Amino acid sequence: MTARTQPTCTLAAHAPRSSRPAALLAALSLCGLFPQTAQAAPADFVGTWVNSNVATSGITRINVTRSGDGPLTVQVFGRCHPTDCDWGSAPVLTYGASVSDTNHLTASAVYAKGFSNTTLVMTFARGRLDVQALTQFTDGSGRQNYASRDAFTRYR
């Protein structure tokens, strides 16, 4: 594992006069004088999330939990009648943009339901959870694999 280096807060004196304003803004941003994008951690996924589309025929609710400092788990509920179907719980993996990135904005979980496998790809952004569900049928029924995408808001 390599150590992360901190940016230096200098403005190159040899920069052409026309590019100095841009270089100054970049240096100020790196030095923390302008607010940076908020960092997300796996804990930001924790909570109860409800589908923004109340009329959805797919996933209606997602519960992401964490026991102490342990791994995240997700419990998914899908539209059924008269009550929503509980898909059960699955482990969650979170991802940064690189091997050293601790700003985890993406997560995944896999549900093997016997007749199908569904992979959830969850993205945390601006306080909302965007979820893409990729479903592959494994039962030989001839049904087509499909993808769906929904936005979820945190239940308060």
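I started with T60, whose side chain makes a polar contact with the side chain of D84 at 2.8 Å; I note at once that the model is a predicted one. Leaving aside neighbours within four places in sequence, I listed the contacts of T60 as W49, V50, N51, F77, G78, R79, D84 and F152.

Next I looked up the overall layout. The protein chain has one helix and nine strands, and read along the sequence they follow the pattern α-β-β-β-β-β-β-β-β-β. Of its 156 residues, 28% count as buried. Among contacts with a separation of 6 or more, I found that 30% come from residues 24 or more positions apart.

I then turned to the largest nonpolar core, which has 20 residues, and noted that F45, I62, V74, L120, M122 and L129 are those with the most contacts inside it. Two or more residues of this core come from each of β2 (59–66), β3 (72–78), β6 (106–112), β7 (116–125) and β8 (128–137). In soluble globular proteins, nonpolar side chains tend to be buried together. For M122 I set aside the neighbours within four places in sequence and looked up the remaining contacts, which are F45, V92, L105, T106, A107, S108, A109, L129, D130 and V131.

My next entry concerns the largest pocket, in which about 310 Å³ of space lies. Which of its 18 lining residues are closest to the centre? I noted S57, G58, I59, W87 and Y146. The lining divides into six nonpolar, eight polar and four charged residues, and β7, β8 and β9 (146–154) each supply at least two residues of that lining.

Last, I checked the backbone at two loop positions. A cis peptide bond, with omega at about 10°, joins H81 and P82, and P82 lies in the loop between β3 and β4 (85–91). R126, in the loop between β7 and β8, has a positive phi of about 50° although it is not a glycine. I also looked up the accessibility of R126, which at 76% counts as exposed, because that label applies over 50%.

Notes
Residues are numbered from 1 along each chain as its sequence is written. This is a predicted model: local features need pLDDT of at least 70, side-chain atom pairs count only at pLDDT 80 or more; totals for chains, interfaces and linings use all residues. Side-chain values use heavy atoms; hydrogens and water are left out. A nonpolar core is a set of buried Ala, Val, Leu, Ile, Met, Phe, Trp, Tyr and Cys residues joined through side-chain atoms within 4.5 Å. Buried means under 20% relative accessible area, exposed over 50%, partly exposed in between (1.4 Å probe, protein chains only). Helices (H or I, at least four residues) and strands (E, at least two) are DSSP runs, numbered from the N terminus. Contact means heavy atoms within 4.5 Å. On a 1 Å grid over the protein atoms alone, a cavity is a set of points where a 1.4 Å probe fits but cannot get out, and a pocket is an open set with protein on both sides within 12 Å along at least five of seven lines; lining residues have an atom within 4 Å of a point. Grid points are joined across faces, edges and corners, and a volume is the space filled by probe spheres set on the points. Ala, Val, Leu, Ile, Met, Phe, Trp, Tyr, Cys and Pro count as nonpolar, Asp, Glu, Lys and Arg as charged, and the others, Gly among them, as polar. A polar contact is a pair of N or O atoms within 3.5 Å; within protein, one must be able to donate a hydrogen and the other to accept it, and residues adjacent in sequence count only if both atoms are side-chain atoms.
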